[in-house]
Amino acid sequence: MAKTITVKDNASGKTWTFPVMSGTVGPDVVDIRKFYAETDMFTYDPGFTSTGSCESKITFIDGDKGVLLHRGYPIEELAENCNFEEVAYLLLNGELPNAVEKKKFQRDITYHTMLHEQLHSFFSGFRRDAHPMAVMCGVAGALSAFYHDSLDITNPEHRRISSYRLIAKMPTIAAWAYKYSLGQPFIYPRNDLGYAENFLYMMFATPCEDYEVNPILAKAMDRILILHADHEQNASTSTVRLAGSSGANPFACIAAGIASLWGPAHGGANEAVLNMLKQIGNKKNIPEFVKRAKDKNDNFRLMGFGHRVYKNYDPRARIMSRTCSEVLKELGIKNNPLLDIAIELEKIALEDEYFIEKKLYPNVDFYSGIIFEAMGIPVTMFTALFALARTTGWIAQWNEMNEDPQQKIGRPRQLYTGSPKRKFKPIKSRK
Ligand code: SDX
C-alpha cells in the first residue's frame with residue numbers, strides 16, 4: 001500500500017493527503033509538490049532544515065551515525081584505497097573505473113589542465129593582494145567566454161567536455177592565483193603528474209630549478225581532495241543546482257558555487273579555524289574562548305565545530321586528523337602549537353555540556369588548515385583548495401540535475417510580512 005501523510009487544518013477541519021516517498025536509505029520524504037495547489041498554503045522552511053530539494057544518487061549522509069557514502073562507498077574506504085581521479089570518476093559516472101577507464105579518464109583530465117593563454121590577462125586585472133577566492137570566482141566564470149563549443153547544456157557531450165575542463169582547470173586557476181599573489185611566474189601543469197601532485201607542483205615549482213613534489217605530501221593532498229569532493233545538498237552545491245536550474249552554463253554555475261563556498265559558515269571555515277587558533281594563541285586561553293562560544297550575546301563561534309547534518313563526529317574530520325599527524329611527521333614538525341591548541345580545544349569542547357547537548361563535533365574544516373599551513377600553503381588559499389576539490393562534486397550534481405526528467409527551474413515562495421497595499425505618497429506630502 002502506498003505510504004501517505006494526512007494534513008488537517010484544525011480551523012476548518014479540512015484534510016489533505018500527500019504521498020510519502022522512500023529512498024534506498026535515509027528518511028522518507030513527503031511529496032508536497034501539489035501542496036500549494038491543494039491547500040492554497042506554502043510550507044515554510046528557511047535554511048531548508050527539513051526540506052529535500054531533489055532526488056540524488058551521488059552522496060548519502062547519515063548525520064546521527066556520522067556516515068558519508070559516495071555512490072554507496074564509505075568515505076573511509078575511498079580515502080584509503082582510491083586516488084582523487086578515481087573518486088571523481090565515481091561521482092560523475094556512478095561506478096568506480098576499471099583500469100582501462102581510470103587510465104583514459106586520468107588522461108582526459110590531464111589534457112585539459114592548461115588555461116587559454118588569453119586568460120593570463122584576467123589574473124593581471126586583480127590586485128596582487130586579491131583574495132584567491134575572488135580570483136577563482138572571476139576566472140571560473142570567465143571560462144564560459146572561451147568555450148563556446150560546449151555551452152549547449154542539453155547536449156551530453158557538451159556537458160561531459162565542460163565537466164572535464166572544469167575539473168582539470170580548477171587546480172591550475174587556484175595555483176596561478178597563488179603565484180600571482182607572490183609576483184612569481186605561472187607554472188604550467190605537467191602531463192606526467194597526477195591531479196594532486198600537479199597542483200602542488202604548480203603551487204611551489206619555479207622556472208629557476210627542478211622541483212619534485214614530496215610523494216607523502218602529494219598523497220596527503222590527494223586524500224584531502226577526496227574528503228572535500230562532494231557532500232550532498234550543502235549550501236554551495238544547492239547554489240550550483242539552483243543556478244543550473246535556469247539553464248545557465250556550467251562555468252557560470254561553478255562560479256556561483258565558489259561564491260557560496262567562500263562564506264565563513266561554509267567552506268570559508270577552514271581559513272576561519274586557523275585564524276581562530278592563532279587568536280586563541282595559547283592553551284590557557286581556551287576556556288575563555290569556549291565560554292564566548294557558549295554566550296548567546298557573543299557572536300563568536302568555535303569555527304570548525306558544528307554541522308547542519310552531522311550530529312556526530314564528521315567522518316572526514318577523523319581522517320583529516322590522522323592526515324595532519326602524518327604530514328607533520330613527514331615534515332619533521334615535532335610540535336605544532338596550533339595543533340596542540342586544536343587537540344586541547346577539541347578535548348575540552350567534547351567534554352562540555354553545551355557542545356554535548358547541541359551535538360557539536362569537529363567538522364571537516366577543523367584540522368585542514370593546520371595541514372595546509374604546515375605544507376606552506378597560505379591561509380587565504382585554504383578555501384580555494386576546498387573549491388578546487390568540490391568542483392568535482394558540484395559538476396557531478398549539476399550533471400545529475402540536467403539529466404533529471406523532473407528537474408525544473410528552482411523558484412521558492414515566501415511568507416510576506418511587509419506592508420499591505422497602500423496609496424502612493426507624492427514627495428511633497430512625505431514628512
Ligand atoms: C562545511 O553542509 C555541508 O555539508 C557543509 C560542509 C560541506 O562539506 O559542504 O560540510 C562544509 O561548511 C562545514 C561547516 C563549516 N562551518 C563552521 O565550522 C562554522 C562554525 N559552525 C557553525 O556556524 C554551524 O555549526 C553551522 C553553520 C556549520 C551549522 O549551523 P546550523 O545547522 O544552522 O546550526 P545552528 O547555527 O542553528 O546551531 C545550532 C545551535 C545554535 O544554538 P541555539 O540557537 O540552538 O541556542 O548550536 C550553536 C548555535 O548557536 N552552534 C554553535 C556552533 N555551531 C552551532 N555554538 C558555538 N560554536 C559553534 N561552532
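Is Lys425 buried or exposed? Lys425 is exposed, with a relative accessible area of 51%; exposed means over 50%, buried under 20%, and partly exposed in between, with a 1.4 Å probe and protein chains only. The model is predicted, so local features need pLDDT of at least 70 and side-chain atom pairs count only at pLDDT 80 or more, while totals for chains, interfaces and linings use all residues. Residues are numbered from 1 along each chain as its sequence is written, and side-chain values use heavy atoms, with hydrogens and water left out.

Lys425 is found in the segment after helix H18 (382-403). Helices here are DSSP runs of H or I with at least four residues, strands are E runs of at least two, and both are numbered from the N terminus. On the surface, Lys425 gathers with Arg422, Arg430 and Lys431 in a patch of positive charge. A patch is made of residues with over 30% relative accessible area and no salt bridge, like charges being joined within 9 Å and nonpolar side chains (Val, Leu, Ile, Met, Phe, Trp, Tyr) within 5 Å. Lys and Arg count as positive and Asp and Glu as negative, whereas His and the chain ends are not counted. The place of a charge is taken as NZ of Lys, CZ of Arg, CG of Asp or CD of Glu.

Ile5, Val30 and Ile32 form a nonpolar surface patch with about 200 Å² of accessible area together, the areas coming from the Shrake-Rupley method with a 1.4 Å probe and only the protein chains shown counting as cover for residues. Ile5 is found in strand S1 (residues 4-8) and counts as partly exposed at 35% relative accessibility.

S1 pairs with strand S2 (residues 15-21) in the antiparallel sense over five bridges; two strands pair if DSSP finds at least two bridges between them. Thr6 has Thr17 in S2 as its bridge partner. The hairpin of S1 and S2 has six residues between the strands, and Gly13 takes a positive phi near 80° there. S2 is also joined to strand S3 (residues 29-30) by two bridges, again running antiparallel. Here the bridge partner of Val20 is Val30 in S3, and Val30 is also one of the residues in the nonpolar patch.

Four bridges join S4 to S5, and Asp62 stands opposite Val67 in S5. These two strands form a hairpin with four residues between them, where Gly66 in the turn has a positive phi of about 70°. Strand S5 (residues 67-70) pairs with S6 over two bridges, and Leu69 stands opposite Pro74 in S6.

The structure holds 20 salt bridges, each being a side-chain nitrogen of Lys or Arg within 4 Å of a carboxyl oxygen of Asp or Glu. One of them joins the side chains of Glu80 and Arg322, at 3.7 Å from N to O. Glu80 lies in helix H2 (residues 75-81) and Arg322 in helix H14 (residues 315-330), so the pair ties together parts that are 242 residues apart in sequence. Both residues are partly exposed: Glu80 has a relative accessible area of 46% and Arg322 one of 37%.

Arg322 also forms a salt bridge with Glu326, the closest N and O atoms being 3.5 Å apart. Both of these residues lie in helix H14, four residues apart, about one turn of the helix. Glu326 counts as partly exposed at 32% relative accessibility. Glu80, Arg322 and Glu326 are linked with Arg223 in a network of salt bridges.

Another salt bridge is formed by Lys278 and Glu373, whose closest N and O atoms are 2.8 Å apart. Lys278 lies in helix H12 (residues 269-280) and Glu373 in helix H17 (residues 365-374), so this pair ties together parts that are 95 residues apart in sequence. Lys278 counts as partly exposed at 42% relative accessibility, as does Glu373 at 29%.
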